[in-house]
Each structure stands twice: as structure tokens, then as C-alpha cells.
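Let's take a walk through this one together. Have the picture open and follow along as we go.

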Amino acid sequence: MKGTGLKVLATAALSLTLLAGCGSNSESDKTDNKPSDTGTSTDTAQTQTADGPSWKIDTSPFTFSQYFYGNWASNYLWKDQYAMKLATEKTGVKIDRKLATGNDEDYLNTMIASGDLPDTIMLDWNNPAVTKLINNGMVYSMDELMDKYAPELKKMLDPDMVKYHSIDGKLWYLPNNYETADRLTSGIPITPIRPWFIRSDIYKAIGSPKIESTDDLMTALKAAKEKFPDVNPVGVEFFDVAKNGFQGSLSMDFLIDSFSPKLLEEQVIDDQQILQYPMRNKGFIEAFRYMSELSRNGLFDPQLLIYKQEQYQEKLYGAQYAVASNFMNNIYADFNPKIESTIGADKKYEVIGGLKANGQDPRYPASRLMGWQGFFITKAAKNPERIIRWAEYAWSDEGQMDFRYGKEGETYDLVDGIPTFKPEVRDMMLKDNGGWYAKYGFQASTLMWRSGKLWDSAAARDFQADQPEQFAAAKLLEKYNYDKYSLGMDNLEPDGSSPEGVINAKVKDLWNKTIPKLILSKNDADFDSIYNDFVTQMDQVGAEKVEKVMYQRHLADLEKKGVK
Amino acid sequence: MSSVPAKRSSLGRKFWTQRYLMLLTLPAVLWIIVFNYIPMYGIIIAFQDYTPFHGVIHSPWIGLDNFRELFNDPTFRESLSNTLVISIVKLVFGFPAPIFLALMLNELMFKRFKRIVQSLSYLPYFVSWVLVVGLMYTLLDPETGVVSKMLVHLHVIGSDTMLMGSEKSFLTLVVFTEIWKSIGWNSIIYLAAIAGVDPQLYEAATVDGANRFRRVWHITLPALKPTIIILLILSVGGLINSNFDQLYLMQNSMTQDAANVLSVYSYKTGLVSGRFSYATAIGLFQSVVAFVLMYAANYSSRKITKESLF
């Protein structure tokens, strides 16, 4: 009798423990914070005077959770690094920052669909999900919180920024990396394209010819292929219209801006009230025809059309391309150093200047950043008051310096009034970037980058000193830049779940599979017929409806910027 | 305790005598209820214009609008036919393959060799699709891939064929890799069934002068029949489903049309574009068709062979 009772209990216990392992962690995490923020906050609030920074009112320990859109950002996780400790010391606040385990879009959409949100979100301000968060009432408006708890923060914000980022008269997020108008002339030179680079030894071997036009490039590539038959002539980044936009591969911009220097202006057709898809632009298509010519001459490896980024990067680390394209900073700070240490300094890549096409100079649409990510406070936040006050700290000059440089005398000194890292900090930053993040966590704690003369000039000075080659390359390309801000071409595509968004997704799908067909076409007639088929199909699915919506969004962008 | 079950129906008595076994199945039953049955209420959003703000209960009802759009959507029709073609070819070539492997393994005299082959053949089952597709890209690269080079030398393909970027070779690759990956694992169940055959039958057949093929035909295969039928019923039910991992990973801009199967399409509309209701409608359609197919297969099998799953 006793025996069986015991057995039943044992089996039940066994089966329950099997189940119990799963779901308990998240709950205990949440309750951890509660006692600290409710008890002490009111007492200290009364003893402090109302003026002075609001974040000093309550500095008791407090943790809020945050989802960061960008699964690559493991450097940004809070693990007691120097900058994180410094911020916590001053404000009492810690951030439990989380990244998506897989695809960010999936993670975010699942989070929104289930309504299970963290306290705060760092999300690209022009991501389609932003509209959903706001329209579904899932986030607080910054105005409401600032008026109640942090009036000082409101005074600190740049009125132009507030105007640009307000939706329905309210500011719903704080955008980081919003750059002011003088950004085009100050700070690190802007390179708005993925430049193309040529391998130094190959360039020398073919007699260092001038490469100033697209025809020069073709000739140089043919010569390279002759002398180095084993090297792939051209390497470009992966093609995926859904991820990269209509240019397909980010490396295509370099050609597109040569063949169609006035693309952005030409897309707007005012008398028809439409904003054309770039695929209707002749110059834009000529860039793809050029790629096709490369392919017909055996200068372009068609595998690149189906490569993933990692496969391309791997070959680029091995300097397996005569001419290759990548994000400029990656070439100078990552690929070139690695190539130098593993294969040899002579195989490093050097930049090709802007290319003329059909006798015209290229034009690169540079812009100051209108912002990168928005800082959202969700309705799920248990203590929005503390969070908005923390944001005031992060936005303040003090918070910016803590985030970028740390403590004066400890991690940086002021040299001629400009912050300069101590030599040991700077050395580590340049030689062991990963270790530097793990130890100091600068540029990783609050993530609220904001324009400021002090640190912008410091960044420009450091860039010139640390990266002379890259600085020279950026200067070489800079002369083709123009300011696209006033063209009103930001954030044009319709929301994905709207009827036009559905059409837009279809157009992208069509274009995505048309690109390889165009590039692999056997001759110009073949190319033209593939292109014409595409235009017919695009019109069939209703591209014009999207072009009308994009025109309206273009007008809205102009209005927000106060241009018209 | 023992006085309780004195007068009970036979089912109840059976249940009571097996109570400890039942208790052991409890976690699995709970698992199915919690993760399969409870979330099922979510399918009602297929009939709504779901927005997270209103939630599952309060989102506006739109009846069958999603399904009407679905049947007029050319991409949906395309993905439906892709799904069926891939599944049917997989069934035709993939279903008999493990049976052959099991029969061949069973005929091996050298037991140690048999065990080695068996272990090696089911190892690929444990390799994730991410790795398999990565390997395929490497092996099938027209410039550096070993397999590609070999096929070129054997004049199977031209020297500039991109196997991973061609709609023509897509189906072959999908079916071939699927069989390669699962053949060993799927043969285990047949080997187990073969092990249960009474050796006296084989001895008697040998005495009667039956050769090896006769013995396989008259003893081994009939012994496998129930297993084969049940697995076939299950596979027919799965015709409308496809291997999401495999197809999603093998998809690129040149094979995107061939790889667009229902599960990939529903993932793209739902999670990528955020059209939750429409994606749920696709999923619901898939489940209903799967149910009908399985029921039909089960019914016809019961009529024709007297073997059935339920």
C-alpha cells in the first residue's frame, strides 16, 4: 500500500520536474526590480528641489529591459563594462538589453503580434513596424512623459529634429544619430556609397592605368584577367532586393550614381503626381547593362548572384578579387589589415575614384543622417518615469561624454579643449576592438548618439590621425557628394501590410528575380526583352498605385523638412 | 486502494491497471494540450483583420475575405503547385528508398560491416539543414566545387552550370539531398520490423528451395506490409507540407520561384510583411487539406488492404 502511494508520487514528481524546467526564468527577472523602484522613489523626490536634472531625483537601483533591433550587436550588451558602470553609478539605472536570436524582423513582428513587449525598444525609426507600434497604442509619446517627468529634456531637443520626427504632432521616440545641417562640412567626411577597390599588386602589374570612367574600368579588368587568370575580376556584395533595396546589391550604387547621376530628381514626376520606381530610369538600367557586359566578357562570376554575404566576405579576406566593393570602413579597418597579416601587404585594396559614364561625372547623394534608431518606451514599461529621466541623462552633454569618453583624467584628457583617449585606451581601441568593447563599452552603453561640436570635431581629428588612407579615400570621393536632404526622398516606401505595401512587395520580388536574368543575358536584345517583360509584369501587379503613394510620401517628407 | 476498481468497464479496468504507464504519458499529453491544442484558438484570426492592438478577440471580423483573396492570388497558386510537385516527387523516390536500403542491409552476411553501414547511413539525419545547404554551396560551386567538377568531367552538366542557381536542377537537388539525409534514419523502423520476423520461416523456405529473392518477396516484404502502409498514410497526409528549413535555405534570387512553397509563402507574408491574418489563412488551408488527404489515404487503405492507422 505505502509502496504504491510512494510510486505514484514519485512518478508524478518525475513528470512534473520534466515540465518545470521551461517557463520560470522570465517571471523572476521581472519581479526582481519591483521592490527597489516603488519604495524609495517618493522619499527622495520630496527632498530634492525641482530644478536641476530630473534624473538626479531618484538614483536608487533600477533595471529596465530593452530590445535592440540588430542581432549583430553583441558588443552592446550590458556586462559591467566601464561605461556601463559609470552610467549606473550616476543614475542607478541598468539596462537589460536583449537581441533577437534569429531574424530581427521575425522577432519584432512576433513581439508585436503577441503584445509581449519589453520596457523599451531601440528600432530603426523608418522601420515599417514603427507605424504599427504607434497606431496600436503600444508606446508612450515622449511629449507626454517629458511634460510630466522630464521637462528639461524637452528643452534640450533640437526643434528641427522634433519637427522632422513628430507624427501627428507628437514625438513618439528619441532618434539617435540625428545630424544637424553643418554635418556635411564638419565631422568625419561622408561616403554615401560602397566604393570599388582594386588590389594594389594587380594594379601595378597592369601598369597603373588611369581608371576614371566605366570604360577605363572595363579595360583594366580585361588586362587583369589576362595577367591573373586565376583571380576573379570583379566582386560585389550579395544581391537581395528585399534586404538592400532596388539597387539589389549595395555595391551597385557606385555604378548607378555614375550612369544616372540625377536619379533622385528624375524619379519625381510632378505633373503626373507620381514618384517612379528607379527601375523605370534609363541610367539606372544602364548600370545593370554594364554588369551584364562584365558578365559577357567573363569578368563577373555569376555565383555572386546567389552568394550570401558571408561567402563573399570569405573570398574577400583571401583577396581573391582584382576589383572588389565593400563598405569603406570595413575595407580599411578590417579587410586590409587582415590581408596584410595573412597574405601580404602588396595584396591590399586601394580605392578607385569616382567613375565617369557617358562623359558625365558621378553624383553621390550624401545626406546627414536623419537618425538611425528611435528609442521607444512601451506601455509595458513598469516605471516610464525613471526611464524618461534616464533618457534626459543620456541626452545631456554629461551623458554623451560618459557614453563616448568616460571620466576625464581616467580614460580621457582634454587636449586643446577636445577630448582625447588616454594612450592605453586608444591603443586597445585600434588594435583589439573586440577587447576594447568588452572592457570599456564606450559607444555601447546608452546608444543615444547625438550631434555635438565637441565630440564631432574629436571624431574628425581621430579619424584623420588613425586612418590616413581611409581619410584620403573619403576626401577623393567627397567631391562628388551632393546634399539630398532637400529632395524629400527619405522614407518613401508604403507600409508592408497596406494594399500598396503588398504590391510593393510583389514588385520587389519580381525585380529580385529579374536582376540575375538581366546580368546573365547573352546580348543586348536579350537584355531588352527581359527588361520589357519585367516592366509589363510590374505594371500588371499595379506598380503605379505604389508610385502615387510614394509621391504623397515624398510631399510629406518635404513638408516635414520644411522645404516646400 | 485495491478495492476501488472491482466493478468497472473493461476500458476503465485497463486504464486502472496501467495507471503508472498512464502517469508517464502525462507530460506528453500536457505538452500536446498546452502547445498544440490551446494555441489553436489563434486560427480564428484567419477570419479577421487582425491587429495586435485589438487582439485576437476584438479584431474586426471579415468572414472569408482572406480566403477569397487567397484563391485569386497567383503567388499562392504557384506555391501550392510547387508544394505538391516537390512532395509528390519526394514521395515517389524518397518513400521506397529506405525500404530498399533496409532489405539490402538485411541481406548482408558480414554483420560488422552491416552495423557500420547502418550507422554511417543515418548520421546525415543529425546534420542540420543550415550545414547541409552550406555544404551544397561549396560542393556545387562551378569554379571550386568538387561535385560540380566531377559532373562536368562526366559530361552530366556544362562547365558553366550553376547548380544552386538553376530552376531546372532545383527539384533534383531538393529530392536528392532529402533522400541522402533521411534514408538511413527512415530505414531503422523497417530493420526493426524485419528483426521481428520468425527465423523459422526463412529456414522452412530454404528447405523448400526458395532462393534469396523468393525469400525477400514472400517473407520479408509481407512482414513489412503493415509498417509500409502506416508510413505511407502518414506521408500522404504530409503531401501538402514541405520541408521549410530546406527550401527556405536553398532559396535565392535565381530559384525563388521554384522554392516558393506554402510554408515559405506563409512565413514571408506573416512574419516578414506582418500580414498575420492572411498568413494564418494559408496555414489553415494547409492543415485542412492535410487532414483530408490523410483521412482519404487511411480510408482507401482500410478498404483495399484492411490495414489502417485509425
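**Where the two chains meet**

Start with the polar contacts: between chain A and chain B, nine residue pairs touch in this way, counting pairs where both residues have pLDDT 80 or more. Keep in mind that you're looking at a predicted model. Which parts of chain A face its partner? Helix H1 (2-20), helix H4 (104-114), helix H15 (309-317) and helix H23 (499-519) of chain A each bring at least two residues to the side that touches chain B. The biggest giver there is H1(A), with seven residues.

Now look for charges that pair up. The rule finds one salt bridge across the interface of chain A and chain B. Find Lys513(A) and Asp257(B): their side chains meet in a salt bridge, at 2.7 Å from N to O.

Next, let's zoom out to the whole interface. Its size is often given as the accessible area lost when the parts come together. Here, chain A and chain B bury about 3200 Å² between them, and 59% of that is on carbon and sulfur atoms. On the chain A side, Asn136(A), Gln303(A) and Ile306(A) supply 17% of the area buried against chain B, more than any other three residues. In terms of contacts, 38 residues of chain A are in touch with 34 residues of chain B.

Where is Met40(B)? You'll find Met40(B) in the loop between helix H2 (19-37) and helix H3 (55-58) of chain B. Met40(B) counts as partly exposed because its relative accessibility is 42%, between the 20% limit for buried and the 50% limit for exposed.

Technical notes. Residues are numbered from 1 along each chain as its sequence is written. Chains are lettered from A and ligands numbered from 1 in the order in which they are written. This is a predicted model: local features need pLDDT of at least 70, side-chain atom pairs count only at pLDDT 80 or more; totals for chains, interfaces and linings use all residues. Side-chain values use heavy atoms; hydrogens and water are left out. Helices (H or I, at least four residues) and strands (E, at least two) are DSSP runs, numbered from the N terminus. Buried means under 20% relative accessible area, exposed over 50%, partly exposed in between (1.4 Å probe, protein chains only). Contact means heavy atoms within 4.5 Å. Buried area is the accessible area (1.4 Å probe) that two parts lose on being put together, summed over both. A salt bridge is a side-chain nitrogen of Lys or Arg within 4 Å of a carboxyl oxygen of Asp or Glu. A polar contact is a pair of N or O atoms within 3.5 Å; within protein, one must be able to donate a hydrogen and the other to accept it, and residues adjacent in sequence count only if both atoms are side-chain atoms.
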